[in-house]
Amino acid sequence: QVQLVESGGGLVQAGDSLRLSCLASARTFSTYAMGWFRQAPGKEREFIATLLWNSRNTYYADSVKGRFTISRDNAKNMVYLQMNGLKPEDTAVYYCAASLTIYSSASAYYTDRAYDYWGQGTQVTVSS
């Protein structure tokens, strides 16, 4: 069983930055693909970013590309989401997720079905 705990959310103004953190309890954390998703009120959960186990391959949703950066520190069992240039439409609950499975296609990680464990979420609110 893997536990994921997100932190770093809050209320910011448009144009500000935030860094979300996710602490994983897994002993083999470095072998997991990690992802960030978000869910806004009344909307489905959507993919934001993923970082594969090799820490070299990263993928982003078009809506955040160029503004958000996913990274990980395997020595600390941490994954981060640096969010710059925040917009009101980025307001959502942000979730960290871990995948045990190695898929042949990176696009598999764009869906929440690929992930085995989820954090409880952290709220990000961006005011205009």
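**View 1. Tyr110 is partly exposed, with a relative accessible area of 34%.** Here "partly exposed" covers the range between buried, which is under 20% relative accessible area, and exposed, which is over 50% (1.4 Å probe, protein chains only). This is a predicted model, in which local features need pLDDT of at least 70, side-chain atom pairs count only at pLDDT 80 or more, and totals for chains, interfaces and linings use all residues. Residues are numbered from 1 along each chain as its sequence is written, and side-chain values use heavy atoms, with hydrogens and water left out.

**View 2. Tyr110 takes part in aromatic pairs with Phe47 and Tyr59.** Rings of Phe, Tyr and Trp (its six-membered ring) count as a pair if their centres lie within 6.5 Å; planes under 30 degrees apart are stacked, over 60 edge-to-face, and the rest tilted. The structure holds eight such pairs. Phe47 and Tyr110 are stacked, at 4.8 Å centre to centre with 25° between the planes. They come from distant parts of the chain, 63 residues apart: Phe47 from strand β5 and Tyr110 from the loop between β9 and β10. Strands (E, at least two residues) and helices (H or I, at least four) are DSSP runs, numbered from the N terminus. Phe47 itself is buried, at 10% relative accessibility. Now look at Tyr59: with Tyr110 this residue makes a tilted pair, 6.1 Å centre to centre and 55° between the planes. Tyr59 lies in strand β6 (residues 58–60), so this pair ties together parts that are 51 residues apart in sequence. Tyr59 is partly exposed, at 23% relative accessible area.

**View 3. One aromatic cluster is formed by Phe37, Phe47, Tyr59, Tyr103, Tyr109, Tyr110, Tyr115 and Trp118.** The charged end of Arg45 sits over the ring of Trp118, 3.8 Å from its centre. A charge sits over a ring if NZ of Lys or CZ of Arg is within 6 Å of the ring centre and within 35 degrees of the ring normal. Asp112 is in contact (heavy atoms within 4.5 Å) with Phe37, Arg45 and Trp118, leaving aside neighbours within four places in sequence. You can find Asp112 in the loop between β9 and β10 (117–118), and this residue is partly exposed at 28%.

**View 4. Cys22 and Cys96 are joined by a disulfide, S to S 2.1 Å.** A disulfide is a covalent bond between the sulfur atoms of two cysteines; the cut-off used here is sulfur atoms within 2.5 Å. How many disulfides does a search of the whole structure find? The search finds one. Cys22 lies in strand β3 and Cys96 in strand β9, so the pair ties together parts that are 74 residues apart in sequence. The link is left-handed, with -75° about the S-S bond. Cys22 is buried at 0%, and Cys96 is buried at 0% as well.

**View 5. Asn77 sits in the loop between β7 and β8.** Is Asn77 buried or exposed? At 17% relative accessibility, Asn77 counts as buried. Beyond its neighbours within four places in sequence, Asn77 is in contact with residues including Cys22 and Phe29. Arg72 lies over the face of Phe29, at 4.6 Å from the ring centre.

**View 6. The largest nonpolar core has 40 residues.** Such a core is a set of buried Ala, Val, Leu, Ile, Met, Phe, Trp, Tyr and Cys residues joined through side-chain atoms within 4.5 Å. Leu4, Trp36, Leu81, Met83 and Tyr94 have the most contacts inside this core. Its largest share, five residues, comes from β9.
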